[in-house]
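Below is a short note for a colleague who wants to look at one helix pair and its surroundings. The points follow the display.

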Amino acid sequence: MKRLIPVFLILICAAASAESFNVSDYKGQVVYLDFWASWCGPCRASFPWMNTIQKRYQSQGLQVIAVNLDQESELAADFLKQFPASFTIFYDPEGVLAQQYKVTSMPHSFLIDRSGQLVSSHKGFRQSKKAEYEQEIQALLAEE
């Protein structure tokens with residue numbers, strides 16, 4: 001009998017520390033960079049949406065990247081059991097990357113164009129603004 005490894009374990013093992021994140025590694029792609037924590041209520045709503053947009057626009061060059069700021073990795077693992085991610089997860093328990101991006105709330109997301117330039121940021125996540133967020137992504141994907 002085959003033993004299956006839960007998806008969240010694969011994601012955690014495949015995830016990297018924030019020190020290994022470099023936006024230039026994603027040049028040519030549109031990056032939706034999201035900072036989150038396990039205690040963040042709006043993050044629970046943003047994860048399913050980020051899964052959807054990753055799947056919908058990946059073939060057009062979108063890369064969703066979420067950076068966890070929990071100091072205890074078990075908290076992130078428990079969150080990911082409930083809200084699995086089909087996108088890349090980085091861990092930043094020291095907040096180094098969060099400081100570079102001047103993160104002030106959870107979640108805090110940034111849109112980065114294909115040339116690596118920061119285009120916009122959003123503090124929090126609101127269901128009522130999903131269409132607006134998606135329009136911004138579509139506009140960046142349409143640029144060559």
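**Notes on the helix pair**

1. The crossing of H2 and H3 is right-handed; a crossing has this hand if the near helix is turned clockwise from the far one by less than a right angle, and is left-handed if anticlockwise. Helices here are DSSP runs (H or I, at least four residues), numbered from the N terminus.

2. H2 covers residues 41-57 and H3 residues 73-82; their axes come within 11 Å and cross at roughly 50 degrees. H2 is therefore oblique to H3, the class left after under 35 degrees (roughly parallel), over 145 (roughly antiparallel) and 65 to 115 (roughly perpendicular). Axes are lines fitted to C-alpha atoms, for helices over the stretch in contact, with angles from 0 to 180 degrees between N-to-C directions.

3. From H2, Cys43, Arg44 and Phe47 meet Phe79, Leu80 and Gln82 of H3, contact being heavy atoms within 4.5 Å.

4. Cys43 is also bonded: a disulfide (cysteine sulfur atoms within 2.5 Å) joins Cys43 to Cys40, with S to S at 2.3 Å. The link is right-handed, with 85 degrees about the S-S bond. The structure holds 1 disulfide.

5. The model is predicted; local features need pLDDT of at least 70 and side-chain atom pairs pLDDT 80 or more, while totals for chains, interfaces and linings use all residues. Residues are numbered from 1 along each chain as its sequence is written, and side-chain values use heavy atoms, without hydrogens and water.

6. Mean pLDDT (the predictor's confidence in each residue, from 0 to 100) is 86 for the protein, and 86% of residues reach 70 or more. Over residues 1-14 pLDDT stays under 50, and the model has 9 contacts beyond four places in sequence for them.

Methods
Helix = DSSP H or I, 4+ residues; strand = E, 2+ residues; numbered from the N terminus.
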